[in-house]
Amino acid sequence: MQLHAGAHRLDLSRPLIMGILNTTPDSFSDGGACYQGEHLSLDMALTRARQMLADGAGIIDVGGESTRPGAAPVSAQQELDRVIPVVERLVRELNAIVSVDTSSPEVMKEAASAGAALINDVRALRRDGALAAASATGLPVCLMHMQGEPQTMQLQPEYDDPLTAVREFLQERVSACIAAGIERTKLLLDPGFGFGKTMQHNLILLRRLPEIAALGYPLLIGLSRKSMLKTLLGREVNERLPGSLALALLAVQQGAAIIRVHDVAATADVLAVLAAANNA
Ligand code: 7PJ
C-alpha cells in the first residue's frame, strides 16, 4: 500500500516512524539556557532531524504550536515564522519527507509551497478555511480526534463510549474532506491519544484500535511520552521511554501504519525485533 505524498511515495506496507520536531521556543531549552536566537535554533532543528532520519525515521513532523494540555494559542504568523524556515531547509538540504503539524490554513499552504509532503492536523481541518486550504495543496492529510481544545481538554473528559465517539467524529471529518475535494486515498486517521481523554479512555481506544482501522484508512498513532504514562507509571516526561516503547509496539500490533515518536532510534529497534519475530 502506497501513499502519494507530494514528491514522495510512502510505503505503508510496513510500519513507518514519524520523528517529532518541535519548533516551539521551549523545545530546544537545555536546563537554564533556553531559546538561543532563531538561527541557532534552526541549526539545532536541522541537526536533530538529520539524526532522526539516520536513526530510521521515514517522516519528520514539524510543529510550531504546542498542543500540550493547557498550552496557550499561537498566532498564524508566529507559527509561520517558526515552521516554514525549518520545512524549507529539511526539504532542500536533507530531502526529507516532511509533515506539518498545524491547524492553520496559512501554514498548510506555505508549508506545501515549501515542499511539505503531508498535513497533520490535530483539529481535523475544523478551522475556518482549513478544508479548502488542505484540499488545494493536494497533499495527504491526517485527521485526528480531539474532544475540546488544548487549553481545557484534560479538565474532565467524558464519553458514553470513547470508541463510538471517535469513530463517528472521524467518519464525519472524512465526509467533510471528501465534500471539499480531498481524495479518500489521501486520508489518514488518528484517535488522538491524550486529546480530551483519560488514561482509561486511551487504554480502551488502544485495545479497540482494530475497530478504528476497520474504517479502511491508515492509522497514525501518537503515544510517545504522553501523560498517560504519568498516570499509569508515575513517570516524569524524561522517564517515559520504556512506557513509550511498549505503547508503540502495542499500537503497531493493533494496526498502526505510522507511529509518531520522539525517540526514533529506540523505536526503530523495537520495530526491527517485531518484524524479525513476525517473519520467522
Ligand atoms: C499528536 C499529534 C498525536 C497526531 C501531537 C504530543 C502532543 N499529531 N501532535 N497525533 N500529538 N497526529 O506529542 O504529546 O497524537 S502534539
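Which N or O atom lies 2.8 Å from an oxygen atom of the ligand? In this predicted model, the atom belongs to the side chain of Arg260. A nitrogen atom of the ligand is placed 3.0 Å from an N or O atom in the side chain of Asp101. At Gly222 the backbone is involved instead of the side chain, with an N or O atom 3.4 Å from an oxygen atom of the ligand. Of the 390 Å² that the ligand exposes when taken alone, the protein buries 89%.

The secondary-structure elements that contribute two or more residues to the shell around the ligand are β7 (141–144) and β9 (220–222). The surrounding residues are Thr67, Asp101, Asn120, Val122, Cys142, Met144, Asp190, Phe195, Leu220, Gly222, Lys226 and Arg260. Sorted by class, this shell consists of five nonpolar, three polar and four charged residues.

The chain as a whole was then examined. Its secondary structure amounts to 10 helices and 10 strands. The radius of gyration is 18 Å, close to the 19 Å that the globule rule gives for 280 residues, so the chain is as compact as a globular protein of that length. Along the principal axes, the C-alpha trace extends about 45 × 45 × 45 Å. Of the 280 residues, 50% are buried. When contacts between residues at least 6 apart in sequence are considered, 68% of them connect residues at least 24 apart.

Ser104 is located in the loop that joins β5 (98–101) to α3 (105–113). Its relative accessible area is 2%, and the cut-off for a buried residue is under 20%; Ser104 is therefore classed as buried. The side chain of Ser104 forms a polar contact, at 3.1 Å, with the side chain of Glu106. Apart from neighbours within four places in sequence, the residues in contact with Ser104 are Ala76, Glu79 and Arg127.

Technical notes
Residues numbered from 1 in each chain as written. Predicted model: local features only at pLDDT ≥ 70, side-chain atom pairs only at ≥ 80, totals over all residues. Heavy atoms only, no water. Near = heavy atom within 4 Å. Polar contact = N/O pair within 3.5 Å; in protein donor to acceptor, adjacent residues only side chain to side chain. Areas by Shrake-Rupley, 256 points an atom, 1.4 Å probe, with all protein chains shown as cover. Helix = DSSP H or I, 4+ residues; strand = E, 2+ residues; numbered from the N terminus. Nonpolar A, V, L, I, M, F, W, Y, C, P; charged D, E, K, R; others polar. Rg over C-alpha atoms; globule rule 2.2 N^0.38 Å. Buried < 20%, exposed > 50% of the residue type's maximum accessible area, 1.4 Å probe, protein only. Contact = heavy atoms within 4.5 Å.
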